[in-house]
Structures are given as C-alpha cells and as structure tokens.
Amino acid sequence: MKLSKEEIIDLLKQRGLEVNDLYPTQISVIVNKENLINHLVYLKSIGFDHLSFINAVDFIDEGEFELVYHVWSYTNKVHVLNKVRIDRNDPKIPTIVDLWEQAQFYEQEVHEFFGIVFEGNKDLSPLFLENWLDIPPLRKDFDTREFSIRLFDAKPNGGDR
Amino acid sequence: MIEILRVFLFGFFAIFIGLFFMGIGRKIIARIQLRLGPPFYQAFLDVGKLFSRKSITHNFVMDLGMVMSLAGLVATMLFVPIAGHTAIKTSSNLIVIMYLMAIGYLGMAMAVAASGNPNATIGVSRALTMMLGYEVPFFTVMLGLIIINGTSSLELIANSQAGSILNWNMIKFPLGFIAAEIALQAMMGEKPFDAMIAPAEIASGPMVELSGKYLGLAFLTHAVSIFVETAIIVNLFMGGASNIFTFVLKQFEIYLITVIIEAVFPRFKIEQAVKFLWTVPMSIALLQLVLIVF
Amino acid sequence: MTSRWDVERFGIGPMATPRQADVLLVTGYVSLKTLKRIIRTYEQMPEPKWVLAFGSCTVNGGIYWDSYNTITNLAEYIPVDITVSGCMPRPEAVMDALQTLMKMIQSGEAGAYKKYKENYEYYKANQDRVLRKTYPILGEKLIQNEEAATSIE
C-alpha cells in the first residue's frame, strides 16, 4: 500500500505530532523522548523499513542535544527526519537496536563522538577513536584547536607566524 | 668434472634466458597498455638489487624451502633437451620432467607455510589447487603424443617432427596445441589464472613474507620455470630446433603468446579457474586424444 | 601511478607488502589510527628503507592542522627522507621526488633509517606521547564515558 507524502503528514498529525514539510520527498517530525520508540514502531508499520542514519546536533546554548533518526521508505518514497531533543547534562535515550539492527553502529558512533548513552545497547565500545581520554570530540565545548596545539605541537599557518 | 660444469652452464643459461624473457615481457605489456615500460634489462637490475638487500628469515624451513624450489626447477631443467643438448640423458624424460616439476611448487609451499603468514598460506593453497586444474588437461595432451610416437622421450618426439613446418605437432594436432597452450598459461601463473598471486587481494600470495634474497630466489625460480615450460612446449609441438638460437626464438614466440594474453585479461577466481580448466581445455584435449587413438 | 605517467619506466613499481618495499610513500594526512599502521609497516620493511612524505598534510598538517585526530608533522614519528609539498602535488612532482631520492641514495645523503636506529628513544617517545595517552589533554573527562567503559568490561 503506497501512501503519498500528504497522507503521511495527515496520519502523523492525527497522532498529535508537529510535522514540517521540507522538500518534495522529505518531512521532519518533532518527537519527544518518551514517545520515540512508539513513533518509530508506527512508522515501520506503515512502510518505513529503512533506517538510513542516526546523527546528533549539539545545541550548547540551549543545553540540549538533538538526535535525528533518518528513516526512508522504499514503497512510499518519503524520507522522514525524526528529531528528538534530550537534556545535555543527562544525555540518555532508549536504544532502537531491536527495531533496526544496523542502528548498532550508528549508536556506537554517536556515543563515541557525543557521549550520548543509549540505554539497553550492550556494546557501546569505540569504533573510530583509539585510546581516547578527553571529552567526546564533536561536542561544541571541545576545543579541537587547543587540543591539536597541545598534543601535536601544531602551529597556525604551518609555523609561519 | 666436465659433467658438473655442464650442469652449471645449463642452469645459468636457463636463468639468463628466463630473466631476459621476463624483462621483455614487462616491456611488451607496457606497450600494450600504451606505456613506455621499463628497460628490457630491468629484471637483471631487480634481481641484483634484491640480492644486495637485507633479508628477513623466519626459520630454517623457510630457507630450505626456497632453495628447494629453485633446485627442483633447475633439476627439471637438466632433463629438458635444448636444441639436441641435454644435461642428463634418459630414455623417457617427459615423465621425469612432469614428476620433478611438482618439487619446485612443493618447495615454495613449504617455505611460505613456514613463514606463518595467512595470506601466503591462502596463496599456496590456491597454487596447488591450480596445479590440480592444469595438470589434467596437460597430461591428457601429452598422453596423446606419447601414444602416437610410441615413446616418452622428448628428443624422439622433437626429432619426429623434423623437416618441413607441416610436420610440426602444432599443425598436425592443433586441438592438442590449444589445450596445452591454455594449460601453459595456468602453469606460468599468468593473468587469467593468477589467483595465487593476486596482489590486490591476498598481497601477492606466496611472496608476501619474502624479502631481499628470498624474493630474489623466487624471481630466479620463476625465470627457470618460464624457461622449462616454454622449452617443453617447443619440444612437444614445434619440433625442437637444430641450434640454440632458433630454439630460444621459438621459446620466445610461445612466451609472447602468454604475455599478450596476460596483458589484456582480468583474473579468474580460483574455483572458476579450475572449473574452466577442467571443462574447456580438458574437453579439447580429450577430443584430440580420441582423434589420435581412433 | 597511471599509465599516462608510467613510473615503471624508471623501474619503480608498487609492491603489495612491506617486506618487498624499498620506499614508503605516505600520501596525505595521517590520523592517529593510520600512524599506528604506518609505524608498524615501516618497522616491517627490511633495510635499507626510505620514506617519501607526500603533500602538505604530512609536513605541517595542511588544512587539517587543527584537527583533533591528525598529526601535524610526520617527521617527528618516523624519519622522512624527502618531502613533496603541495596540496595535491602533481604526479610529476612525485616522479621528480623519486628521481631525486635515487640520486640522494647514490650520493649517500639518504640514510634516514640509520637515524631511526640511533635516535630510537626520541621517535619512540613522540609515538608514545600521541598513541598511548595516559591523561586527558584538555583536563576533565566525561563521567558517562567511564561508566560505559567499566560496564563493557
């Protein structure tokens, strides 16, 4: 059963969610943390069978992380961005590995670079960084330039001050 | 004393011609790919450089295996008639040659298995599987020639084709020649059948742990194997030769065919290669055998 | 190197394993993870061996100079014989560097691998400083990270 973009927007609005129409094949939905799993299960049941990616955005001034779950449907041809805001000081969110297995790697990566804990995910070991002891490097309060200068003795303009 | 000198002379001659062929082969491949290519003496420079480098050995078996593989092929070479000259004369040298040729590969297998690198082990298992693939059609072709000549002596088979070019087995038994030529491609480990080397896949296979002198020895082994394998084909199908110059020229023609096929083909997977060798050249060889017997 | 530039005419060819190689070409930026592998590869090569550092990134970090995960100067970690600057250098530059390296080898100038043996402590200390960090560089460590690490163990 193929649903058009407008039908999907209607369905989601009926569930009381805030939906934005972004592009011809792309919509974004704002979900809260408690509803997330329910919402994703519902999306999967109406044909959104592919989780493309999970990424995180650091809103340091608002004290929040925004997690974006990219979900694509091969039958409806619609790309849905599910945005969840979580508290920056207590970054925890339930895992969705049971829903989509590939989420394992995305969650590991987000955990590695932002320090967000996915509750229920058994393996959050680092994927890319080796022997990392500082705060996660893609957080906005991590000063990458200072880090490079201290560890690698980096010089601006190639040392040509 | 003279006998020993003769043996040494044959060995050096084979190595020299083999390296010379390798250098020219690289140049020809480069020209086919619209490149300039290295100078023809590059193979000699490479071997010289490799023998001057520090080399890493893992254990005694590795040293022994490398020497064994070169020695096995040089020993094979001593039974191959070169324009009427043979280092060691026997009455049925074709069978001895095929028997001894396996020793070279077994030595290589021993050396690389001792080196303990998994890529090398994969490479050598592929090389031995490939051996299983090409020996069956090649032996079938040889069986046909042995039946028709009533002898397994390479000299006698070569002499039976003397006279005009129409007497050559290549013209008389074209199907057998084609089957043997495909088997030869696999025997030399050239392009469609180079699954055992596969640099991008298993990091040059058996050679992965060989450095310096060991790689130099592997180069020399390859040079001698080129010489031996082309010499067998020249004796079986092109009637040998009356002098050494013509013989080497005929060998070079055979090598040229191999190199040209090598330059334009991609690689078979090992199971595809064995399947191909056991179907296409094998059925051609069987057809030739049937034509000879009946 | 493609067939248009054809380095094989100088007798240079790619080798699939460090055991057979004479020259190690480090092309482009070096992340910490790569550095570990580069050092391992370099130490596997039999002597004599040479290193060609390719591009600005290996000299001073290039455009990645302030990244948290790329080293800025390769020569601090392994001895470099010759560098090619530029981002990206042209293929001709690489060929010229290899020719220059050949001349340097003949005149005996290129012997950085000897320096590696003589000053092994210096190089080893530099390698350990970036690869085996024992304390956070910018102080304070995230608490959840620690918890997760202990729960895995």
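This report describes a helix pair, a chain contact and one further helix in a predicted model.

Residues are numbered from 1 along each chain as its sequence is written, and chains are lettered from A in the order in which they are written. Local features need pLDDT of at least 70, side-chain atom pairs count only at pLDDT 80 or more, and totals for chains, interfaces and linings use all residues.

**Two helices of chain B**

Helices are DSSP runs of H or I with at least four residues, numbered from the N terminus. In chain B, α8 (residues 174–188) packs against α12 (residues 270–293) at an angle of about 155 degrees, and their axes lie 8 Å apart. Axes are lines fitted to C-alpha atoms over the stretch in contact, and angles run from 0 to 180 degrees between N-to-C directions. The two helices, α8(B) and α12(B), are therefore roughly antiparallel (angles over 145 degrees). Among the residues that meet are L175(B) and I178(B) of α8(B), and A273(B) and L277(B) of α12(B); residues are in contact if their C-beta atoms, placed from the backbone, lie within 7 Å.

**Classes of contact residues**

The contact between chains C and B takes 11 residues from chain C and 23 residues from chain B.

**Helix α4 of chain A**

In α4(A) (residues 144–152), F147(A), S148(A) and F152(A) are buried (20 or more other C-beta atoms within 10 Å of the residue's own). Their cover includes α5 (120–131) of chain C.

Technical notes:
Parallel < 35°, antiparallel > 145°, perpendicular 65-115°, else oblique. Contact = placed C-beta atoms within 7 Å. Buried ≥ 20, exposed ≤ 12 C-beta atoms within 10 Å, placed from the backbone.
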